[in-house]
Amino acid sequence: IENEKIMALVLECLAQTEKPLTISEMWEQFEVLKQYSNQKLSALLRILKEEGKVVRTIDKKKSYFSLAE
C-alpha cells in the first residue's frame with residue numbers, strides 16, 4: 001500500500017513536468033520525493049513502466065521518464 005502511494009506521487013510529479021526527467025531530476029525538483037531513496041524510486045518506476053503508465057527513454061546513458069500517452 002505504501003508503494004502505491006509513492007507511485008501515485010511519482011505519476012503526479014511527472015504530470016506536472018513538460019519534459020522527461022531522470023530520477024535525480026525528479027528527486028531534486030519535487031520536495032515530496034526527497035524522503036525516498038533514488039533506489040526506491042528506480043524500483044517503483046520500473047513497475048510503472050511494466051504497467052504501461054510510464055515511458056523510459058535513454059539518451060547518453062541516462063534514463064528519462066515521462067507519462068505514457
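In the predicted model, threonine 22 touches Lys62, Ser63 and Tyr64 when residues up to four places away in sequence are not counted. Threonine 22 itself is found in the loop that lies between helix 1 (2-15) and helix 2 (23-29). The relative accessibility of threonine 22 is 10%; because buried residues are those under 20%, threonine 22 counts as buried. The residues touched by threonine 22 include Lys62 and Ser63, and strand 2 comprises residues 62-67.

Strand 2 is paired with strand 1 (residues 54-59); the two strands run antiparallel and are joined by six bridges. Within this pairing, valine 54 stands opposite leucine 67 of strand 2. The hairpin formed by strand 1 and strand 2 has two residues between the strands, and lysine 60 in this hairpin adopts a positive phi near 50°.

The helical part of the chain was examined through leucine 41, which is placed in helix 3 (residues 38-50). With a relative accessibility of 2%, leucine 41 counts as buried. Once neighbours within four places in sequence are left aside, the contacts of leucine 41 are Ile6, Val10, Ile23, Trp27, Leu33 and Tyr36. Among these partners, Ile6 and Val10 fall within the residue range 2-15 of helix 1, while Ile23 and Trp27 fall within the range 23-29 of helix 2. Leucine 41 and serine 24 are separated by 17 residues in sequence, and their C-alpha atoms lie 9.5 Å apart in space.

Lysine 34 lies over the face of tryptophan 27, at 6.0 Å from the ring centre. As for pairs of aromatic rings, the count under the criterion of ring centres within 6.5 Å comes to zero.

At the level of the whole fold, the protein chain contains three helices and two strands, which follow the order α-α-α-β-β from the N terminus on. The radius of gyration is 11 Å, close to the 11 Å given by the globule rule for 69 residues, so the protein chain is as compact as a globular protein of that length. The C-alpha trace spans about 30 × 25 × 20 Å along its principal axes. Of the contacts with a separation of 6 or more, 44% are accounted for by residues 24 or more positions apart. Buried residues make up 30% of the 69 residues. The protein chain exposes about 4900 Å², of which carbon and sulfur atoms supply 49%.

Terms used:
Residues are numbered from 1 along each chain as its sequence is written. This is a predicted model: local features need pLDDT of at least 70, side-chain atom pairs count only at pLDDT 80 or more; totals for chains, interfaces and linings use all residues. Side-chain values use heavy atoms; hydrogens and water are left out. Rings of Phe, Tyr and Trp (its six-membered ring) pair if their centres lie within 6.5 Å; planes under 30 degrees apart count as stacked, over 60 as edge-to-face and the rest as tilted. A charge sits over a ring if NZ of Lys or CZ of Arg is within 6 Å of the ring centre and within 35 degrees of the ring normal. Helices (H or I, at least four residues) and strands (E, at least two) are DSSP runs, numbered from the N terminus. The radius of gyration is taken over C-alpha atoms; the globule rule is 2.2 Å times the number of residues to the power 0.38. Buried means under 20% relative accessible area, exposed over 50%, partly exposed in between (1.4 Å probe, protein chains only). Contact means heavy atoms within 4.5 Å. Accessible areas come from the Shrake-Rupley method with a 1.4 Å probe; for residues, only the protein chains shown count as cover. Two strands pair if DSSP finds at least two bridges between them.
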